[in-house]
Amino acid sequence: MIPIRTKDGGGDQPRSSRQAVGEAAASRVVPKPVPERQVRNAREYQIEQLRRRFSPKESTLGNGDTSFFFGLKPSDPDFAFDLDRLQCDLRVPAAYPAKSPRLLVKNTDIPRGFAINIERGWDKLVEERRGTTLLSLTNALDKKLESLLSEQKAETVTLMTFQGTKDDRGQQEPPQKQQAVASASKPPPARRPYVPDETFSRDQIAEARARRAQEVRQLEARMGRLPLYQRSGDGIVYTLPIEPKRRAMLPVGLRPVQSVQLIIPLLYPLQPLRILFNDAESKEAEPVEELFSKRAMEQKQMSLTSHVNYLAQNLHILAKQAQAHPPATAPLVEAPSVLGKQAEEAEHSATLDAHRGHLNVIPRPPEWTLDDGSEEESDSSDDAHSHGDEDEDGEGGGAAIESGSVPLPTQTVERGIAMSFPTIELYGIELLQVAVLNLSVKCARCKTLNEITDLKDIKEKSGSCRKCATPFTVRFRQELIHQNSTRAGFIDASGWTVADLLPSTFVPTCSKCSTPSQGLVSVRGETTTNVCRECHSRFTFKIPEVKFLAYAPGSDRLPPTSGPKRRQEKLGLHAGEQLPDKGTCKHYKRSYRWFRFSCCSKVFPCDRCHDEAENHINEWANRMICGYCSREQNYSVESCTFCGRSVIGKRGTGYWEGGKGTRSQVLMRRGDKRKFRRIGGGGGGDASKKKDGDAKKKDGE
């Protein structure tokens, strides 16, 4: 820009920012140079650029398009996703550049919804940059790849084709032979009357979906860790391991069964529940499958876990009924009478109360007790009771408990953020509960870590972010931890996410006398041991790991499906153990900690170690890892917030301090009497003075 000065009366006026030339002359405008080869044949020229850059695999399609298959490696050194190469199938039409090129993503490790986002991003680049070469479009896609993968996953639909059961497929005959036999032996069957499909209202469908989601989650929590467990991609067919109670009493065709396919319709329980036995003969398995389906339709109040438990306990009875009666008229197994069941429960509760009066007996669900003979009834009652002890945990479901029975101690709505201790160790403890919860939370707006303390059961607490002042509310709903449940409760949050568990107060209950102990402060990675005040027995608990899982069962809105996983730095640290060399490095021998730098979210012992390993300018670290207990936390100047030890080495005071202070006479202060004292005296000192005195006396004599 050329400034213009004007003079008026010999004085200088202020400078003007007006440009001297408003627009360049048309004769001075020069178009961008274009290679002569691109002018003659733009398609071949741009394809040659792709060949030199990527060396793709070429193929010609049936419609005349040319397909180029190559791998696009992200050029961004700080690429956030764990993606080595983007497998691209670029299809260039024969009439290019008159027709636009298409891109297909062929990565199998990327969900189809994210691949659609990348393909749509390519189409948008082609529309915005008309006249750009294929290589330039590919480079632009490379720069925009991280933002495309960060977008919300596009919705997709999976189409499934069912071709009948395995037995029907195995026994099919050729169509010509079947037609010939049918025409020769018997007339064609009469047409069946048309039966319209049953319709449901919106409220019924919504209620059925909510119940199905809750019961399926219970089933997965119970069976998900077993070896034979499988789940189909559409979430309808579940392969579950089964161990029949009395395998020897089963028919020969059902004895080899080890697993069963549980088919859960999308509108369960409005639609019938079905099963298919694996490794079983169809002649003996089909009547049992139909009998189970009829019973499941009549017992709609039972959950999926209860149906599976009933099948495992009473498979031999179902098989016997299927053999005694035709499948069409097979009577359903009925639960015992109410009076008989109440009498049995009263007898069972009286027996238990005589030994341990502090226990509350919960009546067994009706499907665990069957009236099928005197000997079978007694054995079935004992086995069903032992099975019921395994089923009474927080994860499983069961038949509805009668209103007159004692309710469970915790009936928390499964909503919010679930806090659990998957590998908790309890020794001499039957119950453990979190009395006072302290958390480290992250603001949803500015991602700043805040600390929330003194959270108690049901009580709601409000606060605001210390950086952006965003308000938030939190409420903790407590649950009991025992040998069959590792969940400590639910956290209702708004405006933030849980980052870590701070030292909190736990109340254990002794397993010998069932006496609650006083509150004990513990945290992840620590082992806490104490003695019961009542029976003086020792108990111990340890929390190696804490997990926070956000979910809301029964809601129509499901959590978003995550895309490619972000890279996480695996340090291999264990809480409660020391860092290598206590976190010191060659630059700072008295710094007992590691720092997580905010510029790259990586961990280094100091800023010099960061500069040696990375090629960017370091930023202030707002997180650190203690060198004594290996716990990550907010930056603290002097000491660790978990173990309380000092993370900075202090110099000596310059005094002897009983041998624990400065021991070098060179570094010792002048005020210390040991600075000029002779160390390791030998024959000097008082002995030499005494000898000199004796010599003087002899000379005087």
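This is a predicted model: local features need pLDDT of at least 70, side-chain atom pairs count only at pLDDT 80 or more; totals for chains, interfaces and linings use all residues.
Two strands pair if DSSP finds at least two bridges between them.

Start at strand β17, residues 487–494. In β17, Ile491 is the bridge partner of Phe476. The pairing behind that contact joins β17 to strand β16, residues 471–478. Six bridges link these two strands, and they run antiparallel. β17 also pairs with strand β11, residues 416–420. That pairing is antiparallel too, over four bridges. Here Phe490 of β17 stands opposite Ala418.

How many residues of β17 are buried? Six of the eight are, so the strand is largely enclosed by the rest of the structure. Buried here means under 20% relative accessible area.

Now move to strand β24, residues 593–597. Five of its five residues are buried, so β24 is largely enclosed by the rest of the structure. In a regular strand the side chains alternate between the two faces of the sheet. In β24, Arg593, Phe595 and Phe597 point one way. Trp594 and Arg596 point the other way. Both sets are buried, the arginines included.

Which strands pair with β24? One is β26, residues 621–626. Five bridges join β24 to β26, and the two run antiparallel. Trp594 stands opposite Ile625 in β26. Another is β25, residues 603–604, which pairs with β24 in the antiparallel sense over two bridges. Phe595 stands opposite Phe604 in β25.

Methods
Residues are numbered from 1 along each chain as its sequence is written. Side-chain values use heavy atoms; hydrogens and water are left out. Buried means under 20% relative accessible area, exposed over 50%, partly exposed in between (1.4 Å probe, protein chains only).
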